[in-house]
Amino acid sequence: MTEYGRGPGSEPWHPEDPLYGDGGWGGQQAHAGQQSPYGGQPQQYPEQQQAQQGYGDWSNGGQSSYDGGQPQYDQYGHQHPEPQYDQYGHQYDQQQYDQHQYGQQQYDQQYAPQAQPQQVHDNGWGAGAHPQAQYPADPSDPYGQQAGGYGAEQPDFYGTPEAYPPPEPPTRRRAEPEPQRTDWDPGPDEGEHAFFAGGDADEDDAPGDGRGGREDRRSRGGGKPKKRRSGCACLVVCLVLGGGVAGVGYFGYQFYQDRFGTAPDFAGDGNGEQVTVTIPKGAGGSTIGQELKRQGVVKSVDAFISAQQSNPRGKSIQDGVYTLQKEMSADSAVELLLSPKSRSNLIIAEGKRNAAVYELIDKRLGVKAGTTAEVAKSEYKELGLPEWALNHKGVKDPLEGFLYPSSYSAAKGQKPEDVLKQMVARASEQYEKIGLEEKAEGLGLKGPWELLTAASLVQAEGKTHDDFRKMAEVIYNRLKESNTETNQKLQFDSTFNYLMGQSKIHISESEINSNMDPYNTYTNRGLPPGPIGNPGDEALQAALNPTTDGWIYFVATDGVEKTEFAKTHAEFLKLKDKFDASSGD
């Protein structure tokens with residue numbers, strides 16, 4: 001569309017226009033002999049238009065503006081305008097302009113609803129507003145003679161802001177594309193898709209159903225054949241979605257229960273089925289709760305922790321072996337763990353010899369007497385002894401001194417070697433902690449083995465804890481090469497009793513002097529081959545830190561508990577007389 005009017009090929013801009021579509025231009029393209037749609041008149045060409053009608057009057061009062069006011073004719077008598085040029089010096093085709101202008105005027109005569117001033121500003125051809133004549137709306141009256149043709153108010157479909165956008169010329173028009181349909185959007189004649197209907201898509205489109213087969217639609221659309229589907233796909237999708245929702249719900253419930261719900265717990269004091277539970281050393285509430293849950297004693301760890309925290313003595317649960325029942329409430333389990341009745345621990349007293357410990361283990365495990373002693377003798381190298389405790393001559397029991405006094409788990413069903421390993425591990429840990437290996441040399445000893453042996457003598461000879469440091473000094477003073485009082489002999493009854501497997505106070509001199517075993521310190525200088533018992537922590541500390549008062553003698557003056565010390569042989573004789581008086585000798 002140009003400023004001079006509607007060009008060939010365009011169509012009216014409003015659907016209510018009588019020439020909406022392609023029909024309006026058919027009249028101008030009609031062949032000779034066809035009826036023109038413009039009021040029944042034959043189509044006029046530019047030459048005829050200029051000869052018969054004066055539509056070229058734009059600016060000179062009816063005279064042509066292209067020839068200076070005088071018409072020009074060719075050799076056939078036809079009027080022919082001279083070449084015209086625009087402001088840029090380009091020649092303008094008068095015939096093309098007239099044909100274009102004639103088409104605009106011809107259309108305006110019949111259908112233009114109202115004259116509108118038109119601004120002409122195309123390459124200098126003219127400027128200014130030119131009123132158009134008001135023409136009637138009736139196509140049968142090309143001259144607008146009916147009433148109201150010139151003065152009536154007519155709607156303007158083209159000159160207002162609400163006007164429709166100008167259409168494309170016929171040569172540029174494109175066929176409107178068919179709406180695209182997908183498998184999820186059935187067309188108007190397809191109804192419900194076979195995917196949801198549960199049937200075969202090809203069967204629904206079979207010929208003869210009044211809707212056309214799928215092959216027809218394929219040929220029209222040019223698309224690829226669609227895959228066959230069945231209701232099983234929909235069922236699978238539903239199952240998957242349902243399973244996902246159920247899983248999210250389950251885990252959400254578990255999350256809520258773990259964070260905000262009450263911890264699961266049994267009710268009552270148990271179902272009567274006993275079970276042995278071992279609580280390791282240093283175990284906290286969480287570790288204990290996990291072990292109890294694993295054994296079926298409590299229902300949840302959280303319930304046990306809550307019960308332990310609410311009990312004022314809950315933090316005092318000790319390590320060891322306990323006899324409990326299955327399916328106990330958390331509160332009942334805590335109470336029983338705090339009761340001595342449930343303890344199945346084996347308690348090793350300070351200074352106890354290994355032979356006595358073996359007997360206790362046999363009884364606790366319910367095994368044949370002598371079983372643990374045999375295991376200790378044959379497997380001592382596999383029980384965890386440190387290197388410095390191995391390969392010493394004349395040692396009666398390599399494990400002596402390594403069954404550390406403490407509380408151990410020992411119950412039926414356990415193996416002797418398992419219990420022994422616990423004890424050896426506890427002793428090794430304690431000896432390393434106090435620096436037994438590093439401090440031996442500073443005391444004039446040959447290594448930690450001799451220091452451990454001395455500690456076992458302190459434990460055996462001392463009657464009270466107050467005696468331990470003095471007893472340690474007596475040992476170290478007698479081992480000195482400068483000792484002329486006893487000539488480096490310890491002369492301890494405890495070593496002879498260990499050798500004999502007894503615990504006597506009164507030993508005859510003939511019995512002692514006749515035995516030359518390395519463990520007899522009356523007949524042999526220095527320390528015995530190894531420890532004679534299992535020293536406790538206080539005896540070990542005394543051996544590491546003896547007194548320095550010069551003690552070299554001691555006598556149990558009451559024969560039982562009271563021990564007195566002396567620095568010279570004369571003082572020793574007085575203490576011996578006191579002992580004889582108390583014993584009735």
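The side chains of Glu291 and Arg294 meet in a salt bridge, with 2.7 Å from N to O; a salt bridge here is a side-chain nitrogen of Lys or Arg within 4 Å of a carboxyl oxygen of Asp or Glu. The model is predicted, so local features need pLDDT of at least 70 and side-chain atom pairs count only at pLDDT 80 or more, whereas totals for chains, interfaces and linings use all residues. Residues are numbered from 1 along each chain as its sequence is written, and side-chain values use heavy atoms, with hydrogens and water left out. The count comes to 7 salt bridges, the structure holds 8 aromatic pairs, and the largest pocket contains about 1,500 Å³ of space.

**Salt bridges**

- Glu291 and Arg294 are 3 residues apart in helix α7 (residues 285-294), a separation of about one helical turn; helices (H or I, at least four residues) and strands (E, at least two) are DSSP runs, numbered from the N terminus.
- Glu291 counts as buried at 18% relative accessibility, whereas Arg294 is exposed, with a relative accessible area of 60%; buried means under 20% relative accessible area, exposed over 50%, and partly exposed in between (1.4 Å probe, protein chains only).
- Glu273 forms a salt bridge with Lys326, and their closest N and O atoms are 3.5 Å apart.
- Glu273 lies in the loop between α6 (231-259) and β5 (274-279), and Lys326 in the loop between β6 (320-325) and α9 (330-337), so this pair ties together parts that are 53 residues apart in sequence.
- Glu273 is partly exposed at 41% relative accessibility, and Lys326 is partly exposed with a relative accessible area of 26%.
- Within helix α19, Asp580 and Lys576 lie 4 residues apart, about one turn of the helix, and they form a salt bridge whose closest N and O atoms are 3.7 Å apart.
- Asp580 is partly exposed, with a relative accessible area of 21%, and Lys576 counts as partly exposed at 39% relative accessibility.
- Salt bridges that share partners join Lys562, Glu564 and Lys578 into one network.

**Aromatic pairs**

- Rings of Phe, Tyr and Trp (its six-membered ring) pair if their centres lie within 6.5 Å; planes under 30 degrees apart count as stacked, over 60 as edge-to-face and the rest as tilted.
- One of the 8 aromatic pairs is formed by Trp551 and Phe565, which are tilted, at 6.2 Å centre to centre and 50° between the planes.
- Trp551 lies in the loop between α18 (537-544) and β9 (553-555) and Phe565 in strand β10 (residues 564-566), so the pair ties together parts that are 14 residues apart in sequence.
- Both Trp551 and Phe565 are buried.
- Tyr553 and Phe572 form a stacked pair, with 5.0 Å centre to centre and 25° between the planes.
- This pair links distant parts of the chain, since Tyr553 is in strand β9 and Phe572 is in helix α19 (residues 569-583), 19 residues apart.
- Tyr553 is buried, with a relative accessible area of 3%.
- Trp388, Phe402, Tyr404 and Tyr431 are linked into a cluster by ring pairs.

**Lys567 and its surroundings**

- Lys567 is found in the loop between β10 and α19 and is partly exposed, with a relative accessible area of 40%.
- Lys567 lies over the face of Trp551, at 5.0 Å from the ring centre; a charge sits over a ring if NZ of Lys or CZ of Arg is within 6 Å of the ring centre and within 35 degrees of the ring normal.
- The C-alpha atoms of Lys567 and Glu485 are separated by 10.0 Å, although these residues are 82 residues apart along the chain.

**The largest pocket**

- On a 1 Å grid over the protein atoms alone, a pocket is an open set of points where a 1.4 Å probe fits, with protein on both sides within 12 Å along at least five of seven lines, and lining residues have an atom within 4 Å of a point.
- The volume of about 1,500 Å³ is the space filled by probe spheres set on the points, with grid points joined across faces, edges and corners.
- The lining of the largest pocket has 47 residues, of which Glu461, Phe492, Asp493, Ile505 and Tyr522 lie nearest its centre.
- At least two lining residues come from each of α14 (448-461), α15 (468-479), α16 (493-500), α17 (509-513), β9 and α19.
- Helix α19 supplies the largest share of this lining, 6 residues.
- By class, the lining has 16 nonpolar, 19 polar and 12 charged residues; Ala, Val, Leu, Ile, Met, Phe, Trp, Tyr, Cys and Pro count as nonpolar, Asp, Glu, Lys and Arg as charged, and the others, Gly among them, as polar.
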